[in-house]
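Visitor: I would like to learn how to read the places where parts of a protein meet. Could you take me through an example, step by step?

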Amino acid sequence: MTTSPRTDDRVDPEIYEPAEARPAGELTRRDFVQVLGAGLLISVAGEAALGQRRPGGRGGGFFGRGPTTVAARLHIDRDGSITLLTGKVEAGQGSRAEITQAAAEELRLDAGRIRLIMADTGLVPDDGVTAGSGTTPRTIPAVRSAAAAARELLLDVAAERWQVERKALRVRDGAVADEAAKRTIAYAELAQGEDLAKAFARQIPANLAVTPVSEWKVLGTSLARPNRRELVTGAHRFPSDVVRPGMLYGKILRPPSFGATLTSIDLAPARALPGVVVFREGSFAGCAAPSLFQAEQAVAALGKTARWESRPQPSSKEFFGNLRKNAAASGSPLEAELARAKQVLHESYEVAYIQHAPLEPRAAVAEWDGGKLTVWTGSQNPFGVRGELAAALGLSAEQVHVIVPDTGGGYGGKHTGEVAVEAARLARAAGHPVSLRWSREEEFTWAYFRPAGLIEIRAGLDAAGALVAWDFINVNSGGSAIEPPYDIPHSQTRFLRAAAPLRQGSYRALAATANHFARESFMDELAHAAQADPLSFRLRCLKNERLRAVLQQAAQEFGWAERWPRRSATTGVGLACGTEKGSYVAACAEVQLDRSHGTIQVRQVCQAFECGAILNPGNLLAQVQGCVVMGLGGALTEEIHFNDGMILNPHFATYAVPRFKDAPQIDVHLLNRADLPPAGAGETPIVAVAPAVANAVFHASGVRIRSMPIRGKALET
Amino acid sequence: MNPSITLIVNGTARTVTTGSDRTLLDVLREDLQLTGTKYGCGEGLCGACTVLVDGKKVHACREPAAGMDGKSITTIEGLARGDALHSVQEAFLAEGAMQCGYCTPGMILAAMALLNHNPHPTDEQILDWMNGNLCRCGGYTRILRAIRRAAGQPVEASRS
């Protein structure tokens, strides 16, 4: 396996916990009151104590530290306005609405009364990176607990003021009511006194009862995104839209290939351009200028004088051969079991490197004020970026303030802060705020990739066609959802790391997509070998009731029983199912093939999905629809080609993502399990799309395509 | 000496002095601070920078600003009349046709350009017209519904 100098900066925060490096900064009372206005006096003593108890927390880890006091989560102003605080980010997945709903539910308020401040490290608790479907199972319960605690404290204070039994009081519509005495006191009025401030400075009690699903009035409804109006009017400032007084526009000189080092450069021609600031340190060089165009001109001038030393780098063409050698060398721990099987199948599947390609590329505006740094940036990990900035610029975390405005897409691609660091370096050199936005080509080249992988599976069927042995190896792409959900007497799964030729990291659902693609394609191959219907073959070895339920629902809604026998050479149907991060999905797809051109058109995807109790049906539907469309990109067209340290297709012209005409008819069936805790839903609905399509292609053509993307060229006749 | 150009932006004449090679997108965003028009690819392949020039759909990232002298430009900021949103904006809100929302201004302006010249488009015509606008969140189903709604058509697909 070729080694790469770029393996050192691999990023995979969902597999590797970020290193805890330095003490976390704490919000001071003064800062808080300045921003939120007068009202409650905020005590952060509990927070600081926690910080000391866990020394060295850099923040932005998978779970974050969360708040310990009610006040660190929730603020009630004397005018009655309610401010909720979270370290989570909104990048289109619907967290802003759902977190707002969680607090409104417990406070017995209309959601419109709550203002939610997100991802401002100067104000909010560290709720961890916005990733891994974690907002629903961790942040939503934390917000519900804090809001429920606040509600109980409001009752305590009202009872104390009125000198009545607390249990005689009720909370409704933003006020405490004493029904016997026919009087109410608004939260605003309760916020006038020091007594409530003192109460809110208390710790959030553990195991506080929250409102049961059967009594939900705000949760469980389709609250629309609270700042939607600003999105349709252009008023919302995304990270790349932030404008600061005296701001310059930045541009970075990129190496010609990965791993190249800058050996010499003449800065003078760029410096001679009017208004241009040039900065170089080691292999990092960039310019800032009054317009982006001028900055680009200046960087072009730098590029003409730059001399680089490159080292040979691997190419996508040889990469899979290398992975295959790794897999082959590992042998099978189930040789004996496989030898006893009546039939053994052995196949391998390839999954290409792909990019997230969020429509808003990485962007940051950095502004220095003396030794303090403020950065507005698009990241899923505000506290992690604060730590990156502090480490890169020799600052303490207290000197760095990161603000993440609602961002133009993430999909697991924005866990890191490289653009923030670049903007901060340029801004420090320029003595002005600097706005830096990566170009599409930079985004395709210098952002981290979803890891490619090779998956090799061996499985055995007994004389009755039952699955008896399963040996599954994933090389490089990851271990998410690697365990089969099926009941198999002998099963081994392994994830082998490989030296990665590209910088790789998280992506929506991580390797669950690759592992489901291979597993569910292979299940289809086994069903074919056993001469069984793919649905009944799966159900025969599937005991998990939740997965059975979505599989049967999808099949029924799609009309599987009628459509599966009606195969034609150009139209096929396929299905796939799976589970990851506590939610369950099954998809049925219909494809239409044009074998003279090798094209695959997905005409319909019918998907059933279950993630416990549904927090917001409208948002959930959008997430599932979005996963289907995004999943079709990785299934059919998306693929990064690289050679000797260069990305060969860093443009939408050569890297095709799904467009309007590619979107099939999408039928989504949401199963609401109000008896089960809600699980996150922004990722798992992507995993069954590609295998359902591959299985449908086989159904029509008899050609099994064992790669993502599913290249239709193999169909050409 | 850089030349001056005058753009009629959202009904107001705006004169900017600028180098001749800059794009309309950069001038809108940097000189006029109209940041509702987005950068997405710089190649006219994603539609995030869609604006209307004399009522027609244009990719601002590919359009030299110098060629815009005297032309009438509509950006997302110019659609609402006071608190009253344009019917296409209202349709996007009614259908919840945005996830991250970064593609939304370009989607709305592209849809307006379509409806300006074809007030009753078929689904096929909508898809043809909108195919140059990317939504990476995969919200095409709802955006299509919003455009049908803005055109006064039933929002549900007619099943073929």
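Guide: Let us start with a salt bridge, which is a side-chain nitrogen of Lys or Arg within 4 Å of a carboxyl oxygen of Asp or Glu. Across the interface of domain 1 of chain A and domain 3 of chain A, the rule finds zero salt bridges. Before going on, note that this is a predicted model, in which local features need pLDDT of at least 70 and side-chain atom pairs count only at pLDDT 80 or more, while totals for chains, interfaces and linings use all residues. Residues are numbered from 1 along each chain as its sequence is written, chains are lettered from A and ligands numbered from 1 in the order in which they are written, and side-chain values use heavy atoms, with hydrogens and water left out.

Visitor: How many residue pairs are in polar contact across the interface of domain 1 and domain 3 of chain A?

Guide: A polar contact is a pair of N or O atoms within 3.5 Å; within protein, one must be able to donate a hydrogen and the other to accept it, and residues adjacent in sequence count only if both atoms are side-chain atoms. Here the rule finds eight such residue pairs, both residues at pLDDT 80 or more. On the side of domain 1 of chain A that touches domain 3 of chain A, seven residues are nonpolar, ten polar and one charged, where Ala, Val, Leu, Ile, Met, Phe, Trp, Tyr, Cys and Pro count as nonpolar, Asp, Glu, Lys and Arg as charged, and the others, Gly among them, as polar.

Visitor: What area do chain A and chain B bury between them?

Guide: Buried area is the accessible area (1.4 Å probe) that two parts lose on being put together, summed over both. For chain A and chain B this comes to about 4500 Å², with 56% of it on carbon and sulfur atoms. In chain A, the residues that lose the most area to chain B are Val232(A), Leu359(A) and Phe660(A), which together give 20% of what that side buries.

Visitor: How many salt bridges are there between chain A and chain B?

Guide: The count is four. Asp128(B) forms a salt bridge with Lys661(A), and their closest N and O atoms are 2.4 Å apart. Polar contacts also cross the interface of chain A and chain B, where the rule finds 24 residue pairs, both residues at pLDDT 80 or more. By class, the side of chain A that touches chain B has 26 nonpolar, 18 polar and twelve charged residues.
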